[in-house]
Amino acid sequence: MKFFGSATTLLAVSVGLAAAAPQSKRLPNTAAITFDDGPYDYMSVLLRARSRLHVLILFHGRYDIVNTLNSKNAKATFFFQWQQYRCIYDSDSQDRVKYAYNNGHQVASHTWSHANLATLSWDQINDEMWRVEQALERIVGVTPAYMRPPYGSFNDQVVSAASQRGQDVVIWDFDSGDSTGSSADQSKQAYTDKINEHPSSILALNHEVYSTTAYDVIPNAIDQLQAAGYNLVTLAECLGTQPYQNVGQPGSDDGSWTC
């Protein structure tokens with residue numbers, strides 16, 4: 001089977017099973033905002049929101065996103081890759097990853113080259129996952145417990161590979177539309193519409209590589225979510241799980257870390 005994530009389909013795949021993470025398995029009154037495709041220029045303003053109920057925000061993008069989140073007492077989750085926009089081993093990219101992690105936000109894997117995992121062989125899938133695991137272990141000392149497949153595309157083989165690597169496959173149940181042509185106003189309205197449905201929790205997809213997302217949509221979304229009583233938390237907090245398989249000490253770049 002092959003699956004493609006959407007605003008209404010699969011949320012999380014656990015223990016090798018292509019099954020959604022139902023609302024009953026998530027922390028009530030939380031929202032998960034997720035950011036893909038970083039680390040990028042805008043990542044470090046959004047980390048500042050004041051939280052009441054629980055919301056999970058995930059970002060990929062310099063310190064602007066992180067600082068915005070921090071200023072509002074909000075937490076987020078960032079799904080990182082290698083070099084679609086920036087090499088993760090560039091000094092500024094390493095600094096962005098460290099800044100998000102050191103400010104209490106979750107870091108996770110978006111795989112290495114943003115390939116469609118459902119089209120790859122077993123060895124290729126494992127290589128895509130291993131390279132990001134190695135990068136996060138080197139830069140911040142953690143092994144991620146979550147992987148988001150590029151395009152939300154995966155199949156049974158991807159789920160099996162992730163499970164053997166100790167990772168859950170997670171997508172989203174709300175898409176801001178920033179990567180598919182939505183304007184900032186359209187994305188903000190999409191958040192409004194989702195909030196008006198009054199779900200117990202929200203897992204939201206955003207991309208930190210768009211300036212309108214970083215400076216217009218996310219600050220507005222945080223305010224809307226908090227006004228509606230959601231608490232902004234990490235993905236792991238929303239799902240009641242651990243964010244990392246292992247937490248250790250980061251490495252020291254000796255010049256051999258390259259993309």
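This is a predicted model: local features need pLDDT of at least 70, side-chain atom pairs count only at pLDDT 80 or more; totals for chains, interfaces and linings use all residues.

**Disulfide**

I searched for disulfides, meaning a pair of cysteine sulfur atoms within 2.5 Å, and the count came to one. It's C87 with C259, and their sulfur atoms sit 2.0 Å apart. The link ties distant parts of the chain together: C87 is in the loop between β4 and α2 (91-102), C259 is in the segment after β13 (244-247), and 172 residues separate them. The torsion about the S-S bond of C87 and C259 is about 90°, so I wrote down "right-handed".

Residues are numbered from 1 along each chain as its sequence is written, and side-chain values use heavy atoms, with hydrogens and water left out.

Next I checked burial (buried is under 20% relative accessible area, exposed is over 50%, partly exposed is in between, with a 1.4 Å probe and protein chains only). C87 is buried at 12%, while C259 is partly exposed at 33%. I also looked up C238, which is buried at 0%.

**Salt bridges**

My cut-off here is a side-chain nitrogen of Lys or Arg within 4 Å of a carboxyl oxygen of Asp or Glu. Searching the whole structure gave me nine salt bridges.

R26 and D173 make one of them, at 3.3 Å from N to O. R26 is buried at 5%, and D173 is buried at 7%.

D36 pairs with R148, with the closest N and O atoms 2.9 Å apart. Both D36 and R148 are buried.

D185 is exposed at 56%, but K188 is buried at 18%. Shared partners join D185, K188 and D216 into one network of salt bridges.

**Strand β5**

Helices (H or I, at least four residues) and strands (E, at least two) are DSSP runs, numbered from the N terminus. Which residues of β5 (residues 106-109) are buried on each side? I found Q106 and A108 on one side and V107 and S109 on the other, all buried. In a regular strand the side chains alternate between the two faces of the sheet.

Strands pair if DSSP finds at least two bridges between them. β4 (residues 77-80) and β5 run parallel, joined by four bridges. F78 has V107 in β5 as its bridge partner.
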